[in-house]
Amino acid sequence: MRRLSLLAITLLVLAGCAETSQLGIDRSPAELIELGSTSYQTFCAACHGVDLRGTDQGPSFLSIIYEPNHHSDFAFTSAVKNGAVAHHWEFGDMPPVAVITDDEIAAVTAYVRNVQEIEGFDE
């Protein structure tokens, strides 16, 4: 049983590494978060707030709604690439962000997750 658990964990780690390398991200976690911070300010802050606490145009990413078990990293990627239909908020639909790269999306997600970990979530 222990061997099976170790194999499962190893496969999950490798899958995570493969996903990152497919995006072409060869950065340390700190570099990824730094790129994410810059990209967030460029592409996201106008609607989601410079401090991730939202504006009158978009919700706070520090809301419990955006914790990883409710909105996965894939949900962030999908919303950025494809837009998102408003379903939790009354801000209206989110349009896709056409000029952001896959690397920048991954970096923004890492940055948001880092800030969420530091700041916690608002109810």
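Pro 95 lies in the loop between helix 4 and helix 5. The model that shows this is a predicted one. Its protein chain has 5 helices and 0 strands, and buried residues make up 29% of its 123 residues.

- Pro 95 counts as exposed because its relative accessibility is 55%, and exposed means over 50%.
- Leaving aside residues up to four places away in sequence, Pro 95 touches Ala 79 and Gly 83.
- Between Pro 95 and Val 85 there are 8.6 Å in space, C-alpha to C-alpha, and the two are 10 residues apart in sequence.

**The nonpolar core**
- In soluble globular proteins, nonpolar side chains tend to be buried together.
- The largest nonpolar core here has 16 residues.
- The residues with the most contacts inside this core are Tyr 40, Leu 52, Phe 61, Val 108, Tyr 111 and Val 112.
- At least two residues of this core come from helix 4 (73–82), and at least two from helix 5 (102–119).
- Helix 5 gives the largest share of the core, 5 residues.
- Tyr 111 touches Ile 33, Gly 36, Ser 37, Tyr 40, Gln 41 and Leu 52, when residues up to four places away in sequence are not counted.

**Leu 52**
- Leu 52 is found in the loop between helix 3 (45–48) and helix 4.
- Leu 52 has 0% relative accessibility, so it counts as buried; the cut-off for buried is under 20%.
- Most residues other than glycine have a negative phi.
- Leu 52 is not a glycine, yet its phi is positive, about 70°.

**Helix 5 and its cover**
- Helix 5 has 18 residues, and from its first C-alpha to its last it reaches 26 Å.
- That span is close to the 26 Å expected at 1.5 Å a residue.
- Buried residues of helix 5 include Glu 104, Ile 105, Thr 109, Arg 113 and Gln 116.
- Val 108, Tyr 111 and Val 112 are also among the buried residues of helix 5, and these three are among the residues with the most contacts inside the core.
- Helix 2 (29–43) and helix 4 are among the parts that cover the buried residues of helix 5.
- After helix 5 comes Gly 120, which has a positive phi near 80°.

**How helix 2 meets helix 5**
- Two packed helices are described by the angle between their axes and the distance between the axes.
- For helix 2 and helix 5 the angle is about 100°, and the axes are 7 Å apart.
- Helix 2 is therefore roughly perpendicular to helix 5, a term used for angles of 65 to 115 degrees.
- On the helix 2 side, the contact includes Leu 32, Ile 33, Leu 35, Gly 36 and Tyr 40.
- On the helix 5 side, the contact includes Asp 103, Ala 107, Val 108, Tyr 111 and Asn 114.

**Contacts along the chain and confidence**
- Among contacts between residues at least 6 apart in sequence, 56% join residues at least 24 apart.
- The protein chain averages a pLDDT of 84, and 80% of the residues score at least 70.

Terms used:
Residues numbered from 1 in each chain as written. Heavy atoms only, no water. Core = buried A, V, L, I, M, F, W, Y, C linked by side-chain atoms within 4.5 Å. Buried < 20%, exposed > 50% of the residue type's maximum accessible area, 1.4 Å probe, protein only. Helix = DSSP H or I, 4+ residues; strand = E, 2+ residues; numbered from the N terminus. Contact = heavy atoms within 4.5 Å. Expected span 1.5 Å × (residues − 1). pLDDT = per-residue confidence, 0-100. Axes fitted to C-alpha atoms, helices over the stretch in contact; angles between N-to-C directions. Parallel < 35°, antiparallel > 145°, perpendicular 65-115°, else oblique.
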